Amino acid sequence: MTIGRDEVEHVARLARLRLTDEERERFTAQLAAILDYVRKLNEIDTAGVEPTAHVLPLRNVTRPDEVRPSLEREGVLRLAPRADDGFIMVPRVIE
Amino acid sequence: MDPTDLTLHEAAEAMRGGGISSREYTAACLERVRRVDPVFGAFVEVYGEEALEAAVAADRRRAAGEPGGALAGVPVAVKDNICAAGRRAGCASKILDGFVAPYDATAVERLRAAGAIILGRTNMDEFAMGSSTETSSRGVTRNPWDPERVPGGSSGGSAAAVAAREVPAALGTDTGGSIRQPAALCGVAGLKPTYGRVSRFGLVAFASSLDQIGPIARSVRDLALLLEVIGGHDGRDSTSAEGSPRGLAGGLDRGIEGLRVGVPEEFFAAGVDGEVRASVEASVGRMRDLGAAVVGVRLPHTPYAVATYYIVATAEASSNLARYDGVQYGLRAADPRDLPDLYERTRAEGLGPEVKRRIMLGTYVLSAGYHDAYYLKALKVRTLMRRDFEEAFGRCDVIATPTAPTAAFALGEKTADPLTMYLSDICTISASLAGIPAISVPCGFTAAGLPVGLQLMARPFEEGTLLRAAHAYEQATDWHRRRPPDPAPARGGGV
């Protein structure tokens, strides 16, 4: 089970990363080496072991449903690369 | 005496006693930054004028008899992934070009409430992904003990700034060792608190189940003081733990008579440099001389820590970093053809190679067909690693290991092979995966004059025990008082 160029290209698409040919070559070799290394986990028998996604005892955190101040709209829009008339502008998505 | 040699608590005490003003001390730090930072590159931005104004205001309040907080008038630096309102927060990444934080991180808010002055932002590996601060888009940071070597990472700027006497303390962040490893390589003290001890609100997320903010300073007392200030529950971080760390500094001097120090053989195995091993073993002997009982413990899953971490952390990162898409803030690629083009080109132009590599790896291990084989498997091994610690802490109160397998390595030495770089985290990752607190303190020097760090780990929320043990060791040694040589002036052009 190793990773090939096509799979690297597929993963890049999932991750919304455009790779150059050089990057695709380099990542293919490097990811293959890293995956080869991490497969050493298969030496361990984990049958019946619960996964740990989080180290703290998880519980639901709620707060009273009260209106609180949020970030000021103009300030947020000023951070956007393009904003106009109260909106963040992006390329047209609907023809 | 050069005021920049004062530790954080010494500076705070000197200011309270009238021995030095905040203005004098802050000006001395800024002068030191001006003189040495062109060589070391620890800071990405220094707030010189504003820091001096804040210092003058702190002196005025003190003169007026206002009580002031624990850190009144003392400058502190903050890593570039922690938000301070109205300031850039760049994560040393091009993709955050132009981003100005709209609010204070809780840790910064609490520093300010205690009277601290934010001196500037420190350099780091891009998005905290690295062990040498070489993946920064802002240029490398150099180790004050040898400018041809790395300061460690990812909080390399914070550790170098503290070691070089540019600032008495700095906040760093630790996901797999990013506070402890640079602290060790720069000869200063660094604390990764228990997961949940310090609020992550306002910290730019890398791997949310692992990230913790913590202090880097030149004495254990300073770490205790800083954790008391920044720690404690915060309603704005739903993973923040209940309760507050109290009495940490007050409990430091109780000694370690009868404390059980566990030594896991797995951390002294192949890959750990002989000089490092000798220093750490000598420091464990020193703790025995101080009254501690040294016991052997086993952490059998240690050889699997790096593999587990690079699945868990990259999986979480691939999800967290999906937000950098060029839409709401930061960089946007010019003239996008359509929305997917905007996303893909912005990320291609804005993210560096290590960040891309980790996003790719994390996306792969979470993708259909591979999730169970990699991600789920790693989460199960993480459980086994937690159990290792639970069992070990049945026999001891703290665990002593090297912080890093080697002293500082040369710039460029490990950049060609990512796996070699990942293995420099081999001693720090276990505590991150288990969520337990861990500290690094200076414990010796190699023959080449490079600092070595001793790592101590403790049960969850037992920072008090950890700090007390580290303090007892520190007080019996003088490694932490050694000062790196002053650098030759920077040649033109910088790095």
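**View 1. A salt bridge between chain A and chain B.** In this predicted model, Arg16(A) forms a salt bridge with Glu344(B), the closest N and O atoms being 3.9 Å apart (a salt bridge is a side-chain nitrogen of Lys or Arg within 4 Å of a carboxyl oxygen of Asp or Glu). Between chain B and chain A the count is 4 salt bridges. Residues are numbered from 1 along each chain as its sequence is written, and chains are lettered from A in the order in which they are written. Local features need pLDDT of at least 70, side-chain atom pairs count only at pLDDT 80 or more, totals for chains, interfaces and linings use all residues, and side-chain values use heavy atoms, with hydrogens and water left out.

**View 2. The contact of the two chains.** The contact, meaning heavy atoms within 4.5 Å, takes 68 residues from chain B and 50 residues from chain A.

**View 3. An aromatic pair in chain B.** Tyr103(B) and Phe201(B) form a stacked aromatic pair, 5.0 Å centre to centre with 25° between the planes (rings of Phe, Tyr and Trp, the last by its six-membered ring, pair if their centres lie within 6.5 Å; planes under 30 degrees apart count as stacked, over 60 as edge-to-face and the rest as tilted). At 30% relative accessibility, Tyr103(B) counts as partly exposed (buried means under 20% relative accessible area, exposed over 50%, partly exposed in between, with a 1.4 Å probe and protein chains only).

**View 4. Further rings of chain B.** Tyr370(B) and Tyr374(B) form a tilted pair, 6.3 Å centre to centre with 45° between the planes, and both residues are buried. Elsewhere, ring pairs link Phe99(B), Phe127(B), Tyr324(B) and Tyr329(B) into a cluster.
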